[in-house]
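Open the model in your viewer and keep the selection panel at hand. The stops below say what to select and what is there.

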Amino acid sequence: MKDFYDFGVPVVMLVLGLLYLLKTPKYRSSSGMKTEQTLRGKEEWKFGHKILGATYILYALICGGMVFVISALNIELNSLLVICAYGTLMLSTPFIMNLSIKKKFGVDEAIEEKKQARIDAQNGSTISGTISV
């Protein structure tokens, strides 16, 4: 039963990766990964989910290989350590997806302006109000 749990995450990642790679979810659907970059347009959405699928497949192969080697060598690992490794890989996927979209499509000026406005507002460097002479 332990092997089922060890290989369960890589199998789920592989299935999700194949689904995202072969059939991109509808634009802005609940089954897609929504980030600032993927919501820029349909092309970015489609490209981002292709990258997401390929990343999940790569991670599934890495995790599956890691579990296979650990099992073959009869190394007893703490389940928490394995879960942390899986979680780290899964949490890195949005960053990889966003970087790939930025590299292919460029930086969206409107998004960058909004970020800068938020930073300015937090720092109190924006001047508000009117000056009358």
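Select E36 and R118: the two form a salt bridge, with the closest N and O atoms 3.8 Å apart. A salt bridge here is a side-chain nitrogen of Lys or Arg within 4 Å of a carboxyl oxygen of Asp or Glu. The pair links distant parts of the chain, with E36 in the loop between α1 and α2 and R118 in helix α4, 82 residues apart. Helices (H or I, at least four residues) and strands (E, at least two) are DSSP runs, numbered from the N terminus. E36 is partly exposed, at a relative accessible area of 37%, and R118 is also classed as partly exposed, at 46%. Buried means under 20% relative accessible area, exposed means over 50%, and partly exposed lies in between (1.4 Å probe, protein chains only).

This is a predicted model, in which local features need pLDDT of at least 70 and side-chain atom pairs count only at pLDDT 80 or more, while totals for chains, interfaces and linings use all residues. Residues are numbered from 1 along each chain as its sequence is written, and side-chain values use heavy atoms, with hydrogens and water left out.

The structure holds two salt bridges. For the other stop of this kind, select R40 and E44, whose closest N and O atoms are 3.8 Å apart. R40 counts as partly exposed at 22% relative accessibility, whereas E44 is buried at 11%. Side chains of opposite charge can pair when their charged atoms come close.

**The whole chain**

Now colour by secondary structure. The protein chain has four helices and zero strands, in the order α-α-α-α along the sequence. Of its 133 residues, 29% count as buried.

Next, colour by pLDDT, the predictor's confidence in each residue, from 0 to 100. The mean for the protein chain is 79, and 83% of the residues reach 70 or more.

**Helix α2**

Select residues 42–72. This is helix α2, with 31 residues, and from its first C-alpha to its last it reaches 44 Å, close to the 45 Å expected at 1.5 Å a residue. The expected span is 1.5 Å times one less than the number of residues. Following α2 is N74, whose phi is positive, near 60°.

Within α2, pick A60. A60 is buried, with a relative accessible area of 6%.

**An aromatic pair**

A search of the whole structure finds three aromatic pairs. Select F47 and F105, which form an edge-to-face pair at 5.8 Å centre to centre, with 80° between the planes. F47 lies in helix α2 and F105 in helix α3 (residues 79–105), so the pair ties together parts that are 58 residues apart in sequence. Rings of Phe, Tyr and Trp (its six-membered ring) pair if their centres lie within 6.5 Å; planes under 30 degrees apart count as stacked, over 60 as edge-to-face and the rest as tilted. F105 counts as partly exposed, at 26% relative accessibility.

**The loops**

Move to Q37, in the loop between α1 and α2. Is Q37 buried or exposed? Q37 is buried, at a relative accessible area of 3%. Its C-alpha is 5.7 Å from that of N98, which is 61 residues away along the chain. V107, in the loop between α3 and α4, is 8.8 Å from Q37, C-alpha to C-alpha, and 70 residues from it in sequence. V107 counts as partly exposed at 44% relative accessibility.

R28 is in the loop between α1 and α2. The phi of R28 is near 65°, a positive value in a residue other than glycine. Most residues other than glycine have a negative phi. R28 is partly exposed, with a relative accessible area of 47%.

**A surface patch**

Last, select V11, V12, V15, L16 and L19, which form a nonpolar patch on the surface with about 410 Å² of accessible area together. L19 is in helix α1 (residues 2–22). Patches are made of residues with over 30% relative accessible area and no salt bridge; like charges are joined within 9 Å, and nonpolar side chains (Val, Leu, Ile, Met, Phe, Trp, Tyr) within 5 Å. Accessible areas come from the Shrake-Rupley method with a 1.4 Å probe, and for residues only the protein chains shown count as cover.
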